[in-house]
Amino acid sequence: MPIEPLSSVAAGCWGLLGGFIVEALELAAALRRAKAPPWRRPGEPRLSAYLTSVVLRLFAGAGLAALIGADGQIGGPFAAGALGITAPLVVEKLLRQVGTAPAESAVPVLPGGATSLQWKSEPSDVS
């Protein structure tokens with residue numbers, strides 16, 4: 001029985017739930033540490049900045065899951081939720097890969113230093 005991938009809307013909803021899970025756990029940890037909301041502690045961002053960061057984080061999780069879900073790459077709710085949870089890390093890793101790949105590396109280098117564009121097949125002596 002083949003597994004049908006999630007639609008982009010369903011994947012986005014599960015990704016949003018994953019983002020909510022992360023934010024709830026982080027808020028709970030901050031409340032345990034400080035015994036007060038983080039935005040009321042000296043030196044911490046105000047409530048408006050905190051809420052902005054939470055909303056952006058939720059949109060990132062839902063958006064990434066929806067984007068990958070639209071491509072048919074998400075087979076179930078757990079995968080979409082995991083994308084929502086890990087969205088900042090996934091985006092950071094993707095950006096690092098894009099930023100560190102020089103244009104010359106797009107052409108594979110074969111043994112002996114030749115690129116695939118320079119390599120020519122020679123007839124073999126094997127019968």
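Which side chain of opposite charge is nearest to Arg 57, a residue that is buried yet has no salt bridge? The points below take up this question after a short account of the whole model.

1. Basis of the model. This is a predicted model, in which local features need pLDDT of at least 70, side-chain atom pairs count only at pLDDT 80 or more, and totals for chains, interfaces and linings use all residues. Residues are numbered from 1 along each chain as its sequence is written, and side-chain values use heavy atoms, with hydrogens and water left out.

2. Overall fold. The protein has three helices and zero strands, and from the N terminus on its elements run α-α-α. Here helices (H or I, at least four residues) and strands (E, at least two) are DSSP runs, numbered from the N terminus. Helix H1 covers residues 8–34, helix H2 covers residues 47–70 and helix H3 covers residues 77–100.

3. Burial and surface. Of the 127 residues in the protein, 22% are buried. Buried means under 20% relative accessible area, exposed means over 50%, and partly exposed lies in between (1.4 Å probe, protein chains only). The protein exposes about 9400 Å², and carbon and sulfur atoms supply 67% of this area. Accessible areas come from the Shrake-Rupley method with a 1.4 Å probe; for residues, only the protein chains shown count as cover.

4. Contacts along the chain. Contact means heavy atoms within 4.5 Å. Among contacts between residues at least 6 apart in sequence, 60% join residues at least 24 apart.

5. Arg 57 and Glu 23. The opening question can now be answered: the nearest side chain of opposite charge to Arg 57 is that of Glu 23, 4.0 Å away. A salt bridge is a side-chain nitrogen of Lys or Arg within 4 Å of a carboxyl oxygen of Asp or Glu. Arg 57 lies in helix H2, whereas Glu 23 lies in helix H1. Glu 23 is likewise buried and has no salt bridge.

6. Surroundings of this pair. Leaving aside residues up to four places away in sequence, Arg 57 touches Gly 19, Val 22, Glu 23, Gly 84, Ile 85, Thr 86, Ala 87 and Pro 88. With that exclusion, Glu 23 touches Val 54, Arg 57 and Leu 58. A polar atom of the Arg 57 side chain lies 2.5 Å from the backbone oxygen of Ile 85.

7. Salt bridges. Side chains of opposite charge can pair when their charged atoms come close. The count of salt bridges comes to two. One joins the side chains of Arg 41 and Glu 44 at 3.3 Å, N to O. Arg 41 is partly exposed, with a relative accessible area of 23%, and Glu 44 is partly exposed at 35%. Another joins Glu 92 to Arg 96, with their closest N and O atoms 2.7 Å apart. Both Glu 92 and Arg 96 lie in helix H3, four residues apart, about one turn of the helix. Glu 92 counts as partly exposed at 36% relative accessibility, and Arg 96 is partly exposed at 48%.

8. Gly 15. Is Gly 15, with its 0% relative accessibility, buried or exposed? Gly 15 counts as buried, and its place is in helix H1. Residues up to four places away in sequence aside, Gly 15 touches Gly 61, Ala 62, Ala 65, Ala 80, Gly 81 and Gly 84. The C-alpha atoms of Gly 15 and Ala 66 are separated by 7.5 Å, although these residues are 51 residues apart along the chain.

9. Two further pairs. Cys 13 is found in helix H1 and is partly exposed at 48% relative accessibility. Cys 13 and Gly 61 are 48 residues apart in sequence and 9.3 Å apart in space, C-alpha to C-alpha. Pro 88, in helix H3, is partly exposed with a relative accessible area of 40%. Pro 88 and Leu 64 are 24 residues apart in sequence, and their C-alpha atoms are 9.5 Å apart.

10. Nonpolar patch. Trp 14, Leu 16, Leu 17, Phe 20, Ile 21, Leu 25 and Ile 85 make a nonpolar surface patch of about 620 Å². Patches are made of residues with over 30% relative accessible area and no salt bridge: like charges are joined within 9 Å, nonpolar side chains (Val, Leu, Ile, Met, Phe, Trp, Tyr) within 5 Å. Helix H1 gives the most to the patch, with six residues. Leu 16 is in helix H1 and is partly exposed, with a relative accessible area of 31%.

Technical notes. Lys and Arg count as positive and Asp and Glu as negative; His and the chain ends are not counted. A polar contact is a pair of N or O atoms within 3.5 Å; within protein, one must be able to donate a hydrogen and the other to accept it, and residues adjacent in sequence count only if both atoms are side-chain atoms.
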